[in-house]
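The entries are grouped by topic.

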Amino acid sequence: MSLPQLSPELLDQRPDLLPNHRNLLALPEKIIQFGTGVLLRGLPDYFVNKANQQGIFNGRIVVVKSTNSGGTDAFASQQNIFSHSICGIEDGNQVDKLVINSAISRTISANSNWAEILQCAHNADLRIVISNTTEVGIQLTEDDIFASPPTSYPGKLTAYLFERFKAFGGSAESGLVIVPTELIVNSGQKLRDIVFEQAKRHNLDETFIQWLEAHNHFCSSLVDRIVPGKPDAETIAAISEQQGYQDDLFIVSEVYRLWAIEGSEHVRSVLSFAEADKGVVIEPDIDLYRELKLRLLNGTHTLACGLCFLSGLDTVSESMENPEMAAFIANVMLQELAPAIPYPVDPARAQEFGNQVLDRFRNPFIRHQLIDITVQYTAKMRMRNIPTLLSHYEKSEHVPQLFAKGFAAFLKFMKPVVHKDGAYFGDREGKSYPIRCDAAPYFDEMWQAAASPLDLASKVMSDTSLWDTDLTQLPGFLDAVNAHMVEPDALETLRIVPGADAPKLDI
């Protein structure tokens, strides 16, 4: 017998799942969110849902989806309700609970319903914008903000803000609090600068720019919660059987959660959902939170994911069960990254945070897929790790050998061996894996043109357009990377000669 789908109708029959759900579903829309990813649903949307259930925020979220595929139907069929499994250790106690999240009111495709999204700008209650468009999403492009829709997220946001300005005549009360959650240093300021530049390029009214300046708040923020991609079918089936319903939007996360937002008392008053959970921190300066998380948790993820994956492992927790990989992860984090954080951090605080991260990596309840961490691998390496590498060389004469090992694994992972339908795939022991990175075409050309792995490493590392610096000029670093480029271990992959037939891989 098939299980019923999670929906408001099922909640009518199962009030134990979400008491008072009809009142929660009737709350007004107060947030527009650009992105449907699991990180947004597992952290910002979690806080909003928790606040609603406590009667604090009392508002729901309109979600903007960039494409027409990959989840819209599931949101529609379940009327945007989804389950969130939270597993791990908190304050020494094991936590294993299931939350029904009803914070999302509707999901709108930007490609097919842009006019409906602009209409949201006319809602006086809707005063918050949230986004997560990955590290490469906040970029200044040759965009047309009058298109339906604009191509880039900053273009969409500029168009949305201009619509808001016109709808309310530039009133002070109509200003918004805009919180990007992309893992970019000073993300709020960067997004603000791009929006202002787009406004100038499109010759928008000077009064609009004055309204942007005076009444809108672009807040840099830091999100920290491990929310893996969609759980495997076995996990979903087991939980569905246990709960007695099917949920195609089901997500899993660890217990730990942090959303640090740079903001004033006005920002705090608008983001009133922060009162519901200690995991939301609103302070004038969040640099310390950002640096610890960016350099230790995310930086370690980026340096270890390729090495662990190409060695035959699939998840972070599996990697922590492997003695060799667990030692690499712990040592690269605590011995090489922590002392080199490019920000004044108390060494004891960095070590304490690092040990907390290692405990989170060991969480047996979370199956964080390594292949998911490699998405936009090159941008992550540049943003998360290169500043730490440069800081290391400012503070030490020693070559960071573990960093070099992780960097060599990155270069090997970024070796396409098959093209299929415009996508790029690498090879791990005869089976293909997706290279989901904007730099994949670049690496395809570089690997095919390289005379050897050493030649490839030298050319890529010296490419200042990629790293904003010449990494081969760091004493001993190229030699350390090359030592791992040539070693005959599990990282070895096939080299494709231009014009040669591609190997037959299992795609």
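A pocket here is an open set of grid points with protein on both sides within 12 Å along at least five of seven lines, and its lining residues have an atom within 4 Å of a point. The model is predicted. On that definition, the second largest pocket is lined by 28 residues, and its volume is about 720 Å³. Helix α15 gives the largest share of that lining, and α15 also packs against α12 with a distance of 10 Å between the axes.

**Second largest pocket**

- Ile89, Tyr256, Arg257, Gln356 and Arg360 are the lining residues that lie nearest the centre of the pocket.
- Two or more lining residues come from each of β3 (82–90), β9 (221–224), α12 (287–310) and α15 (347–361).
- Six residues of the lining belong to α15, the largest share.
- By class, the lining of the second largest pocket holds twelve nonpolar, four polar and twelve charged residues.

**Packing of α12 with α15**

- The crossing in which α12 passes α15 is right-handed.
- On the α12 side the contact uses Leu288, Leu292, Lys293, Leu296, Leu297, Thr300 and His301, and on the α15 side Arg349, Ala350, Phe353, Gly354, Val357, Arg360 and Phe361.
- The contact of α12 with α15 has eight nonpolar, three polar and three charged residues.
- Arg360 takes part in this contact and is also one of the residues nearest the centre of the second largest pocket.

**Packing of α12 with α14**

- Helix α14 (residues 323–337) and α12 cross at roughly 140 degrees, and their axes come within 10 Å.
- This angle makes α12 oblique to α14.
- Here too α12 makes a right-handed crossing, passing α14.
- From α12, the residues in contact are Arg295, Leu296, Gly299, Thr300, Leu303, Ala304, Leu307 and Cys308, while α14 supplies Met325, Phe328, Ile329, Val332, Met333 and Leu337.
- Sorted by class, the contact of α12 with α14 has eleven nonpolar, two polar and one charged residues.

**Packing of α19 with α20**

- Helix α19 (residues 440–449) packs on helix α20 (residues 453–461) at an angle of about 135 degrees, and the axes are 8 Å apart.
- Helices α19 and α20 are therefore oblique to each other.
- The crossing of α19 past α20 is right-handed.
- Tyr442, Phe443, Met446, Trp447 and Ala449 of α19 make contact with Pro453, Asp455, Leu456, Lys459 and Val460 of α20.
- The contact of α19 with α20 counts eight nonpolar, no polar and two charged residues.

**Backbone features**

- Most residues other than glycine have a negative phi, and most peptide bonds are trans.
- Asparagine 58, which is not a glycine, has a positive phi of about 60 degrees.
- Asparagine 58 sits in the loop between α4 (44–53) and β2 (60–65).
- The peptide bond from serine 148 to proline 149 is cis, and its omega is near 5 degrees.
- Proline 149 lies in the loop between β6 (128–131) and α7 (153–167).

Note on methods:
Residues are numbered from 1 along each chain as its sequence is written. This is a predicted model: local features need pLDDT of at least 70, side-chain atom pairs count only at pLDDT 80 or more; totals for chains, interfaces and linings use all residues. Side-chain values use heavy atoms; hydrogens and water are left out. Axes are lines fitted to C-alpha atoms, for helices over the stretch in contact, and angles run from 0 to 180 degrees between N-to-C directions. Helices (H or I, at least four residues) and strands (E, at least two) are DSSP runs, numbered from the N terminus. Angles under 35 degrees count as roughly parallel, over 145 as roughly antiparallel, 65 to 115 as roughly perpendicular and the rest as oblique. A crossing is left-handed if the near helix is turned anticlockwise from the far one by less than a right angle, and right-handed if clockwise. Contact means heavy atoms within 4.5 Å. Ala, Val, Leu, Ile, Met, Phe, Trp, Tyr, Cys and Pro count as nonpolar, Asp, Glu, Lys and Arg as charged, and the others, Gly among them, as polar. On a 1 Å grid over the protein atoms alone, a cavity is a set of points where a 1.4 Å probe fits but cannot get out, and a pocket is an open set with protein on both sides within 12 Å along at least five of seven lines; lining residues have an atom within 4 Å of a point. Grid points are joined across faces, edges and corners, and a volume is the space filled by probe spheres set on the points.
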